[in-house]
Amino acid sequence: MTSHTYSHDYFPAMPTLGIYLSLPSESPLVGPLTAVVDTGADGTLVPARILARFRTAETDQAWIVSQWGEYRLAKAYMLDIHLGVLRLPAHRVVSDDRGKEIILGRDVLNKLRLLLDGPGQTTEILEAKPTRKPGRAGSSS
């Protein structure tokens with residue numbers, strides 16, 4: 001289980017996770033970095049100054065929309081995201097040339113089992129649930 005404390009740079013405090021970034025299938029190049037857990041964000045944003053080290057991973061462009069409805073065209077990259085011992089391979093992240101924080105959106109969060117412990121001010125990545133093998137209803141072994 002991986003745990004990270006909430007950021008008190010925000011009020012109220014914000015859930016965060018520690019991450020590293022790498023080119024696909026390589027060792028982490030950048031990190032540790034603090035990323036904001038944002039269940040309202042569709043995708044993952046990383047400040048352009050951080051992504052400057054990954055120019056070879058730039059793949060295409062993406063339209064991003066701010067919470068105020070402003071549209072911008074941004075560069076997209078394919079990177080591995082490392083969260084403790086967990087690696088999310090070849091994940092698309094979008095460059096943010098205005099923001100200063102990493103935003104982990106639902107594209108990443110929906111791949112994790114998270115516990116947001118508000119009273120304890122920690123975000124925890126829980127172990128994956130064991131997968132059940134499909135079986136026939138009413139059959140016995």
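**Exercises on a predicted model**

Val 94 touches Thr 44, Leu 45, Val 46, Leu 51, Ala 62, Ile 64, Ala 74, Lys 75 and Ala 76, leaving aside residues up to four places away in sequence; contact means heavy atoms within 4.5 Å. The model is predicted, so that local features need pLDDT of at least 70 and side-chain atom pairs count only at pLDDT 80 or more, while totals for chains, interfaces and linings use all residues. Residues are numbered from 1 along each chain as its sequence is written, and side-chain values use heavy atoms, with hydrogens and water left out.

**Exercise 1.** State in which element Val 94 is found and whether Val 94 counts as buried or exposed.

*Solution.* 
- Step 1: Val 94 is found in strand S7; strands are DSSP runs of E with at least two residues, numbered from the N terminus.
- Step 2: Val 94 has 9% relative accessibility and therefore counts as buried (buried is under 20% relative accessible area, exposed over 50%, partly exposed in between, with a 1.4 Å probe and protein chains only).
- Step 3: The C-alpha atoms of Val 94 and Gln 61 are separated by 8.0 Å, although the two residues are 33 residues apart along the chain.

**Exercise 2.** Locate Ala 90 and Gln 121, and describe their phi values and accessibility.

*Solution.* 
- Step 1: Ala 90 is found in strand S7 (residues 86–96), and its phi is near 40°, a positive value in a residue other than glycine.
- Step 2: Ala 90 is partly exposed, with a relative accessible area of 39%.
- Step 3: Gln 121 lies in the loop between strand S9 (114–117) and strand S10 (122–125); its phi is positive, about 55°, although Gln 121 is not a glycine.
- Step 4: Gln 121 counts as partly exposed at 25% relative accessibility.

How values were computed. Helices (H or I, at least four residues) and strands (E, at least two) are DSSP runs, numbered from the N terminus.
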